[in-house]
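Colleague: Let's go through the charged pairs in this model. Please give the cut-offs as we go.

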Amino acid sequence: MATDLAGKRVELLREAVPGFQRLAVLANANSPLSVLETSEIERAVKKVGISSIRLGIRRAQDIAPAFEGIRGPADALYVVADPLTNTNRAQIHTLATSAKVPAIYNAREHVAAGGLMAYGPNFAELYRRAASFVDRILRGAKPGDIPVEQPTKFDLVINLTTAKALGLTIPPSVLARADEVIE
């Protein structure tokens, strides 16, 4: 599902940051899922005429040097979700804000920690759905007989404090669609 959301995140970032032409993509180069999502991002930006820069990281020590490649050439940042980027989200937010680069993430937690915006599945809803699966299994259902479900509820979260620090005014049309606005 993460790869399916790449185009939507690029679209939301374009609406929130009018006129940006170059997107930096920060991703764990060791993760096959991150590599797959990065390819989807590149397809999405080509459709809308934006160029992209890959910032492949393999460990936490690679994050700060990767940001040296962002200054100047990138107008926005897409952070691909992965245990490496999730664990180091505070450092990523700090570096993105100091580089004055607006960024989009996959989960609310990134925005609560200082990121600009996130769009992704509502994890609380996913956990509730998981509990219903456990209940069905405990009542005798065979796990193989339970259909796989995709998330149905997605959240857009925006941090206006971070927007202000970046000198960015989020358009009212984007704010109106937000499920949560952090001030």
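Modeller: Buried means under 20% relative accessible area, exposed over 50% and partly exposed in between, with a 1.4 Å probe and protein chains only. The model is predicted: local features need pLDDT of at least 70, side-chain atom pairs count only at pLDDT 80 or more, and totals for chains, interfaces and linings use all residues. Residues are numbered from 1 along each chain as its sequence is written, and side-chain values use heavy atoms, leaving out hydrogens and water.

Colleague: Is Asp62 buried or exposed?

Modeller: Asp62 forms a salt bridge with Arg59 (a side-chain nitrogen of Lys or Arg within 4 Å of a carboxyl oxygen of Asp or Glu). Arg59 is partly exposed at 48%. Asp62 has 19% relative accessibility, so it counts as buried.

Colleague: How many salt bridges are there by this rule?

Modeller: Side chains of opposite charge can pair when their charged atoms come close. By this rule the count is 11.

Colleague: How far apart are the closest N and O atoms of Glu40 and Arg43?

Modeller: Both residues lie in helix α2 (residues 32-47), three residues apart, about one turn of the helix. Helices are DSSP runs of H or I, at least four residues, and strands are runs of E, at least two, numbered from the N terminus. In the salt bridge between Glu40 and Arg43, the closest N and O atoms are apart by 2.4 Å.

Colleague: Which residue forms a salt bridge with Glu180?

Modeller: The closest N and O atoms of the pair are 2.7 Å apart. Glu180 is partly exposed at 27%. The partner of Glu180 is Arg108.
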